[in-house]
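Hello,

Here is the structure I promised to pass on to you. Please open it alongside this message, and my notes on it follow below.

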Amino acid sequence: MSINIKEVISKKDLKKWIEFPNSLYKDNEYYVPFLMSDEMETFTPDKNPAYAFCETKLFLAYKDKKTVGRIAGLINHAYNKKWDKNAIRFTRFDFIDDYEVSQALFDKVIDWGKENGFTEIMGPIGFTDMDHEGMLIEGFEEFNLSITFYNHPYYIDHMERLGLKKDIDWFEYRINVPESLDPRFAKISNRICEKNNYSVVTYNNRKVLYNDASEAFKIIDVAFSKLYGTVPLTPEVIKHAIDGYVPVVNLDYVCSIKDKDGNIIGFGVLVPSIAKALKKSDGKMLPFGVFRLLRALNGKNDTLEMFFVAVKPEYQSLGLPAILINTLAPKIIENGVKYCETGPMLETNTAIHSMWRHFEKRQHRRRRCYIKDI
């Protein structure tokens with residue numbers, strides 16, 4: 001039976017495209033669905049400001065009238081301009097273990113890329129560095145994060161058969177929270193702050209956080225600017241992120257460092273894991289998903305996910321991570337948190353890896369971005 005590929009045009013098909021992984025992984029205990037409303041917004045041009053510099057085409061694969069795969073092709077003009085590349089991206093690539101299916105889907109994106117004059121394809125990677133990126137290649141028996149892709153092990157074989165090669169990997173660590181923080185952190189932190197007249201800001205008011213958030217995201221933009229695949233964050237993208245995060249973030253796990261003039265030079269945000277809540281609600285807000293999410297964010301939760309840890313480049317070798325750790329760790333310990341999940345960290349980003357050298361940890365997942373000439 002031949003494979004039929006259909007471009008996603010209608011809202012009904014978009015919903016089917018977003019929900020496909022839930023059926024593909026329905027019996028997998030480690031898969032965590034994305035929040036469906038977030039994915040609908042991400043792929044709705046008038047709701048996602050990244051469409052100001054991106055274009056997408058979404059495809060569904062059918063076999064015997066059953067949905068058997070999906071993919072999104074993504075043209076990121078900002079990426080190509082910044083890095084002087086001529087690449088089309090792919091993301092949300094999911095399929096049954098049938099090479100005809102993965103080949104047919106992949107060919108659709110390649111065809112679109114060639115029509116637009118592109119000479120290489122890369123992925124899985126999304127709109128910006130805040131989008132999901134990297135195909136899982138190690139850690140298939142680890143419960144997934146709420147911010148990352150999960151995929152079956154057979155995907156690796158499909159990537160190789162499709163002619164894709166490794167471009168770069170991301171590592172993820174699961175860090176054990178100690179019963180008490182090493183006193184050296186307080187000593188180092190206090191010395192650095194006193195010497196440089198730095199101040200540490202914690203937040204108990206969302207309005208204050210909202211006022212600081214724009215400056216903090218600019219730090220994130222600058223700090224990550226030289227990392228693989230990143231694009232400049234526009235004011236619209238920053239505002240969209242702030243509007244999404246600030247209302248729900250747990251203020252216990254947010255802090256910033258300011259210099260003597262009151263400018264933010266470092267920023268950290270950890271978020272109680274919502275992965276189990278998403279799993280239980282199948283990625284849906286209704287009827288009970290919203291309550292499970294709020295309980296995960298604000299109730300007792302033994303796992304935190306590290307969303308953002310960023311330091312201005314000129315301050316990155318001056319010990320600011322120790323200040324962030326010294327500020328956030330006491331509340332983390334007090335709240336009974338047992339684990340912190342780092343999220344994907346580029347294998348080349350030695351500075352961020354070194355932050356956790358004083359903690360008991362294990363590298364439990366690895367993700368990969370592939371590339372191919374077309």
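The axes are lines fitted to C-alpha atoms, for helices over the stretch in contact, with angles running from 0 to 180 degrees between N-to-C directions. The crossing of the two, α6 and α11, is left-handed (the near helix is turned anticlockwise from the far one by less than a right angle; clockwise would be right-handed). Helices here are DSSP runs of H or I with at least four residues, strands are runs of E with at least two, and both are numbered from the N terminus.

From α6, Phe185, Ala186, Ile188, Ser189, Ile192 and Cys193 meet Ala322, Ile323, Ile325 and Asn326 of α11 (contact means heavy atoms within 4.5 Å). The contact of α6 with α11 has eight nonpolar, two polar and no charged residues. In this scheme Ala, Val, Leu, Ile, Met, Phe, Trp, Tyr, Cys and Pro are nonpolar, Asp, Glu, Lys and Arg are charged, and the others, Gly among them, are polar.

Helix α7 (residues 206-223) and helix α8 (residues 235-245) have axes that come within 10 Å and cross at roughly 130°. This makes α7 oblique to α8, and their crossing is right-handed.

Strand β4 (residues 87-95) pairs with β5 in the parallel sense over three bridges (pairing requires at least two DSSP bridges), and Ala87 stands opposite Glu120 in β5. Both faces of β5 (residues 120-123) are covered: Glu120 and Met122 on one side, and Ile121 and Gly123 on the other, are all buried (under 20% relative accessible area, with exposed over 50% and partly exposed in between, using a 1.4 Å probe and protein chains only).

Arg89 lies in strand β4 and is buried, with a relative accessible area of 1%. Beyond its neighbours within four places in sequence, Arg89 is in contact with several residues, including Tyr79, Val109, Met122 and Phe127.

**Reading the numbers**

Residues are numbered from 1 along each chain as its sequence is written, and side-chain values use heavy atoms, leaving out hydrogens and water. As the model is predicted, local features need pLDDT of at least 70 and side-chain atom pairs count only at pLDDT 80 or more, while totals for chains, interfaces and linings use all residues.

Best wishes

Methods:
Parallel < 35°, antiparallel > 145°, perpendicular 65-115°, else oblique.
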